[in-house]
Each structure stands twice: as structure tokens, then as C-alpha cells.
Amino acid sequence: MIQAYNHLLTEYSSSFSARTRSVHKPNELKAVYSRIVNMNRHTAYYKLDLSREKQLFTLALKNSSLALADTLKDLGQAFQRPSVINSAHSSDPESVSASLVDVEHTSFREPVCVRVKALAMPQVNTGNKVPSEAEGPKPAPYRFRIQTGEDSYEFSYNVSTVSANRDLMYKLSNFINRSDIHIHAKVEDDAEDGTSRIVLSSEDTGLAEGQAMAFSISDSASGNTPTPGLVSYFGLDHVTQKPSNARFSIDGREKTSMGNSVVLNRDLSLTFHKKTKREVTISPETAGEQAISELANFMESYNALLNLTRNGLPGNRRSSRLQNDLTHILSTDIEELSRSGIRRNEDFTLSIDSSTIKKPETMQHLKTLFEEPDGLFAKLSRKMSDIALNPVDYVDKVIVTYPNTARAGFSNPYLTSIYSGMMFNSYC
């Protein structure tokens with residue numbers, strides 16, 4: 001099972017959409033099962049040539065239909081309450097990302113301008129480079145102290161046998177990490193010169209008021225411990241990066257923070273990713289405005305599915321049937337589609353009409369398309385469900401026998417699930 005799953009990831013993942021996240025509740029699964037049974041009763045028994053190209057096409061077709069169904073769900077949710085603020089939009093999310101702390105009770109109504117002047121940084125101690133395979137400190141009990149803020153930790157580490165520097169470094173690093181004092185230790189190996197060193201870094205960034213360092217480390221005196229101690233031998237007390245606070249401005253007011261995530265007025269959460277040369281605008285976004293961006297995702301998924309039917313499997317005649325089905329669904333509401341800011345191009349792909357999408361009445365037209373029980377998006381959703389249940393329907397095949405629907409309880413239990421065996425094909 002695991003081998004087949006890994007095979008699926010490596011062979012087919014490039015064609016799969018990252019947006020596909022369909023899940024089903026128990027009652028939904030029961031409905032899907034009932035649809036499969038009913039579909040099998042009316043499906044002919046056929047012979048199918050499962051070439052590699054057909055397998056890739058069928059799996060990609062199923063995934064594309066699920067991806068398009070996901071975008072339709074997102075659009076539908078956005079139109080439920082189009083005037084309600086449900087998110088925060090950043091003009092530069094790669095530098096500053098934003099989210100609402102409580103979507104249901106937000107007071108975020110006006111845009112804010114943020115400029116990040118410095119990120120909060122952890123303290124880093126970089127040890128001495130020592131020959132990796134050379135003999136390390138002599139066997140003996142060693143003691144050292146780590147001070148973090150007001151807390152002081154005394155460690156005793158016993159080197160029982162002669163070990164190479166690298167081996168002892170890994171053991172000492174694991175020993176520090178297991179102590180859970182919010183300091184991370186790692187070993188850096190340099191294969192070119194055959195050396196290794198220990199790097200210590202504080203898990204937290206920034207400095208509290210009155211502190212000079214996030215932590216300090218030093219050898220402890222012991223009558224039985226040779227000199228130098230482990231800290232001195234490996235140079236663990238060498239500070240190469242001092243901890244620092246984030247410096248930023250909100251609407252021109254200078255502020256600092258120990259971390260790179262801050263909450264404004266217990267309402268707006270900001271995360272700093274890098275310094276900014278100019279101000280980043282964080283704006284409240286209504287569900288209706290969010291729907292415009294989701295609309296672009298919908299058209300991208302639709303166009304991908306349409307192009308798959310044209311170019312996914314050369315010589316497959318039944319691909320044209322799916323293409324005709326999609327264009328027919330859109331043709332029934334072409335005028336309403338146009339009023340909703342969606343343009344159908346000459347090649348039947350979709351794009352946003354920038355002049356129409358900005359009109360105030362456009363949102364209402366889009367909302368209407370979703371609310372109609374037999375409207376455009378309802379038809380598309382049903383079609384995507386059909387494709388996901390039986391993508392093999394759009395692959396050329398030879399019919400052997402037609403279904404005997406006159407016989408009670410007749411069904412072909414696995415015909416619509418042939419595609420599920422494709423991912424296990426190499427292991428059977």
C-alpha cells in the first residue's frame with residue numbers, strides 16, 4: 001500500500017493540483033456510494049487498453065475535476081455574506097502577511113500601513129572548528145552552566161571513553177537539545193577541510209528589557225575536570241549573532257517587538273518575513289472582494305480542465321465529448337456570465353473582463369449564478385462530481401456488453417472504479 005502511494009506521488013503528482021482537498025462526511029460518503037451503485041447499473045461492460053498515457057490522463061482528469069469543484073465551493077462560501085469582512089489583505093504578503101484574530105467579531109475596518117525596518121533575530125553562538133576525526137577531550141566528568149534570563153541550569157556531562165571530536169559533538173548536542181531549555185544545538189560538518197563545529201541558537205528571538213543576551217554558557221569549576229572544559233574546548237561561548245528585536249512602524253508610529261509576529265488591537269495579526277523598502281498596506285477584505293480573487297482561481301481551474309481535454313491524450317475521441325459538455329453548460333448562461341465579469345474567449349477558455357468586474361452590480365450577477373438551483377455553477381458542480389466518480393467515461397474503449405438493467409439488483413460493482421487500480425498497477 002505504501003509503495004503504491006509513493007509510486008502515485010512520484011509518477012503523477014506533477015499533474016495534480018495543490019488545491020484539491022475534497023473530504024466527505026459520513027452522510028456524503030453514503031450519497032456518493034449510492035450514486036456509484038446507480039451509475040454501475042447503467043454502465044456497459046467494456047474492454048479498456050490501460051496504457052501509461054491513458055492512466056496519466058484519467059488520473060489527471062479526476063484531479064482536475066476535483067480542483068474545479070473546490071474553487072466552486074470557495075466561490076459559493078464567499079457569496080454567502082458578500083459585505084462581511086472576513087479577511088485581511090496585504091499588498092506585499094511575501095514581506096508582511098496578515099490575518100484576523102476573530103473573523104466573527106472583528107473591528108478591523110480601516111487600512112493600516114506597515115513598514116518593517118528590522119526583523120527580530122535569535123542569539124547564535126558559533127563554536128571553534130576542530131578536526132572531525134581527531135581525538136577529543138580526555139575521558140572525565142565535565143560541568144558547564146547555561147544562563148537564560150533569570151534561569152540558571154547546571155549540567156554535568158561525563159565523557160567515559162576516548163571519542164573523536166565529531167562523535168562527541170553530536171552526543172553533546174543531543175544532550176543539550178533533550179534538556180528543553182529553548183536552546184537548539186546542531187553540528188556543522190565541513191567535508192572540505194575535515195572539521196566540525198557546534199552551533200547554538202536561542203529558539204526565541206529578541207531581548208526583554210534589561211537583558212544583554214538571550215543566554216550565556218560557561219564551564220563550571222570542578223577539581224576533577226581537566227582544563228580546558230567542554231565550553232572552552234569547543235568554543236561554545238563565542239557569540240556570532242546578538243539577539244535583536246523587530247523594529248517596524250504602524251501608520252508612521254515606531255514600534256518594537258521581541259518576535260516577528262504581532263497582534264494589533266487584539267484584532268489583526270501580522271507576521272514579518274523580511275525588511276521592506278516601502279510601506280505595506282494591510283486592508284480589510286469583504287467576502288465579496290475575496291470572491292473576485294477566487295474567481296481567478298475558478299477560471300484557472302476551468303481552463304486547465306478544458307486544455308486537458310484538448311491536449312491531454314492525443315487521438316482520444318471521447319475527449320471532445322467532455323469539451324462539448326463544458327462549452328454547452330456555459331452556453332446556457334452566456335449572457336449572465338458576461339454581465340458577471342467573465343468573458344468567454346474564441347477558444348472557449350475563460351478570462352476576467354476588467355471593465356465589467358469593477359461595476360457595483362457585477363457582484364449581484366455573480367451571486368445570482370450561485371443561488372439558482374439549476375444555474376451555471378450548480379450544473380458545473382454536478383458535472384465535476386460525475387467526472388470524479390467515473391473519469392474513465394472520457395477514455396476510448398470497446399463495449400463488450402450493454403447493462404442488463406431489467407434484472408433486479410444487477411450491478412457492475414467495479415467498472416466506475418477502474419482508475420483507482422491504476423496507482424497500484426505496477427504492484428499487481
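## Asn125

Asn125 is buried, with a relative accessible area of 2%. The cut-off for that label is under 20% relative accessible area. The model is a predicted one, and the values below are computed from it.

Asn125 belongs to strand β5, which spans residues 124-126. A polar atom of the Asn125 side chain lies 2.9 Å from the backbone oxygen of Leu236. Leu236 is also among the residues in contact with Asn125 once neighbours within four places in sequence are set aside.

## The β8-β7-β11 sheet

Strand β11 is part of an open sheet of three strands, ordered β8-β7-β11, with antiparallel pairing. The edge strands are β8 (151-159) and β11 (216-219), each of which pairs on one side only. From one strand to the next, the twist averages 20°.

Strands of a sheet pair through backbone hydrogen bonds, in either a parallel or an antiparallel manner. Here β7, residues 140-148, is joined to β11 by four bridges, and the two strands run antiparallel.

## Helix α4 on the sheet

Which strands does helix α4 lie across? Helix α4, made up of residues 165-178, lies across β7 and β8. The helix runs at about 145° to β8, and β8 is one of the edge strands of the sheet.

Note on methods. Residues numbered from 1 in each chain as written. Predicted model: local features only at pLDDT ≥ 70, side-chain atom pairs only at ≥ 80, totals over all residues. Heavy atoms only, no water. Buried < 20%, exposed > 50% of the residue type's maximum accessible area, 1.4 Å probe, protein only. Polar contact = N/O pair within 3.5 Å; in protein donor to acceptor, adjacent residues only side chain to side chain. Contact = heavy atoms within 4.5 Å. Pairing = 2+ DSSP bridges. Axes fitted to C-alpha atoms, helices over the stretch in contact; angles between N-to-C directions.
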